[in-house]
Amino acid sequence: MAAMDLFGRRWALRILWELRAGPLGARALLARCEGLSSSVLYQRLRELTSSGIIAPSADGYELTRLGTALRDALRPLDEWAITWAQEQEHDDQEPTQT
(Lines give C-alpha, C1' and ligand atoms only; values in the text may rest on other atoms or scores of the structure.)
Protein backbone atom coordinates (compact mmCIF):
# COMPACT_ATOMS: atom_id res chain seq x y z
CA MET A 1 0.00 0.00 0.00
CA ALA A 2 1.46 3.35 -0.99
CA ALA A 3 2.09 5.76 1.87
CA MET A 4 -0.09 8.52 0.41
CA ASP A 5 -2.92 6.06 -0.09
CA LEU A 6 -2.70 4.98 3.53
CA PHE A 7 -2.35 8.48 4.98
CA GLY A 8 -5.09 9.81 2.74
CA ARG A 9 -7.61 7.47 4.29
CA ARG A 10 -10.00 9.14 6.66
CA TRP A 11 -8.82 9.15 10.28
CA ALA A 12 -5.38 7.60 9.60
CA LEU A 13 -3.39 10.75 10.32
CA ARG A 14 -5.61 11.66 13.25
CA ILE A 15 -4.96 8.27 14.85
CA LEU A 16 -1.21 8.75 14.36
CA TRP A 17 -1.49 12.25 15.82
CA GLU A 18 -3.23 10.92 18.93
CA LEU A 19 -0.50 8.31 19.41
CA ARG A 20 2.29 10.91 19.19
CA ALA A 21 2.77 11.19 22.97
CA GLY A 22 2.50 7.51 23.81
CA PRO A 23 0.34 4.40 23.67
CA LEU A 24 -3.44 4.56 23.75
CA GLY A 25 -6.13 1.93 23.80
CA ALA A 26 -9.00 1.73 21.33
CA ARG A 27 -11.47 3.32 23.77
CA ALA A 28 -9.18 6.28 24.36
CA LEU A 29 -8.72 6.72 20.61
CA LEU A 30 -12.48 6.65 20.05
CA ALA A 31 -12.96 9.25 22.79
CA ARG A 32 -10.33 11.55 21.28
CA CYS A 33 -11.61 11.20 17.72
CA GLU A 34 -15.19 12.39 17.90
CA GLY A 35 -17.17 10.99 14.99
CA LEU A 36 -14.88 8.01 14.41
CA SER A 37 -16.77 4.71 14.36
CA SER A 38 -15.30 1.63 16.01
CA SER A 39 -15.38 -0.30 12.72
CA VAL A 40 -13.33 2.38 10.93
CA LEU A 41 -10.96 2.65 13.90
CA TYR A 42 -10.22 -1.07 13.87
CA GLN A 43 -9.78 -1.04 10.09
CA ARG A 44 -7.26 1.81 10.33
CA LEU A 45 -5.48 0.15 13.23
CA ARG A 46 -5.11 -3.03 11.14
CA GLU A 47 -3.80 -1.05 8.17
CA LEU A 48 -1.35 0.99 10.22
CA THR A 49 -0.18 -2.15 12.03
CA SER A 50 0.32 -4.14 8.82
CA SER A 51 2.26 -1.16 7.41
CA GLY A 52 4.64 -1.25 10.38
CA ILE A 53 3.75 2.24 11.59
CA ILE A 54 2.04 1.23 14.83
CA ALA A 55 2.12 -1.91 16.93
CA PRO A 56 -0.05 -3.38 19.66
CA SER A 57 1.36 -2.90 23.14
CA ALA A 58 0.37 -3.68 26.70
CA ASP A 59 -1.22 -0.21 26.86
CA GLY A 60 -3.05 -0.37 23.52
CA TYR A 61 -1.30 0.80 20.36
CA GLU A 62 1.95 2.71 20.01
CA LEU A 63 4.14 4.14 17.30
CA THR A 64 6.92 1.88 16.03
CA ARG A 65 10.36 3.13 15.05
CA LEU A 66 8.94 3.94 11.61
CA GLY A 67 5.93 5.61 13.19
CA THR A 68 8.17 7.76 15.37
CA ALA A 69 10.20 8.77 12.30
CA LEU A 70 6.93 9.70 10.57
CA ARG A 71 5.83 11.75 13.58
CA ASP A 72 9.13 13.63 13.44
CA ALA A 73 8.74 14.18 9.70
CA LEU A 74 5.27 15.65 10.24
CA ARG A 75 6.43 18.21 12.84
CA PRO A 76 7.14 20.89 10.20
CA LEU A 77 3.61 20.41 8.84
CA ASP A 78 2.23 20.83 12.37
CA GLU A 79 4.26 24.04 12.80
CA TRP A 80 2.99 25.33 9.46
CA ALA A 81 -0.60 24.52 10.47
CA ILE A 82 -0.24 26.49 13.69
CA THR A 83 1.08 29.51 11.78
CA TRP A 84 -1.68 29.20 9.20
CA ALA A 85 -4.39 28.98 11.88
CA GLN A 86 -3.01 32.05 13.64
CA GLU A 87 -3.02 34.01 10.38
CA GLN A 88 -6.58 32.91 9.66
CA GLU A 89 -7.63 34.07 13.10
CA HIS A 90 -5.84 37.38 12.60
CA ASP A 91 -7.49 37.87 9.19
CA ASP A 92 -10.92 37.17 10.71
CA GLN A 93 -10.38 39.81 13.39
CA GLU A 94 -9.39 42.62 11.02
CA PRO A 95 -12.25 44.93 10.13
CA THR A 96 -13.38 44.89 6.52
CA GLN A 97 -13.03 48.11 4.63
CA THR A 98 -15.90 49.30 2.52
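Predicted model: local features only at pLDDT ≥ 70, side-chain atom pairs only at ≥ 80, totals over all residues.
**Exercise 1.** Check whether the span of helix H4 agrees with its number of residues.

Solution. Start with the extent: H4 covers residues 38–50, which is 13 residues. At 1.5 Å a residue, the helix should span 18 Å. Now take the end C-alpha atoms: they are 18 Å apart, so the two values agree.

**Exercise 2.** Find which residues of H4 are buried, and work out how they are arranged around the helix.

Solution. Use the cut-off first: buried means under 20% relative accessible area. Leu41, Arg44, Leu45, Glu47 and Leu48 are buried in H4. Next, look down the axis of H4: the buried residues fall within an arc of 165°, so they line one face of the helix. Then turn to the other side, where Ser39 and Ser50 are exposed.

**Exercise 3.** Name elements that cover the buried residues of H4.

Solution. Take the helices: the cover includes H1 (3–7), H2 (12–18) and H3 (26–32).

**Exercise 4.** Describe the largest nonpolar core, then follow Ile54 through its contacts.

Solution. The core holds 19 residues. Ile15, Leu16, Leu19, Ile53 and Ile54 touch the most other members. H1, H2, H3, H4 and S2 each supply at least two residues of this core. H4 gives the most, with 3 residues. Now pick Ile54. Leaving out residues up to four places away in sequence, Ile54 touches several residues, including Leu16, Leu19, Leu45 and Leu48. Tyr61 and Leu63 are also among the residues that Ile54 touches.

How values were computed
Residues numbered from 1 in each chain as written. Heavy atoms only, no water. Helix = DSSP H or I, 4+ residues; strand = E, 2+ residues; numbered from the N terminus. Expected span 1.5 Å × (residues − 1). Buried < 20%, exposed > 50% of the residue type's maximum accessible area, 1.4 Å probe, protein only. Arc of directions from axis to C-beta. Contact = heavy atoms within 4.5 Å. Core = buried A, V, L, I, M, F, W, Y, C linked by side-chain atoms within 4.5 Å.
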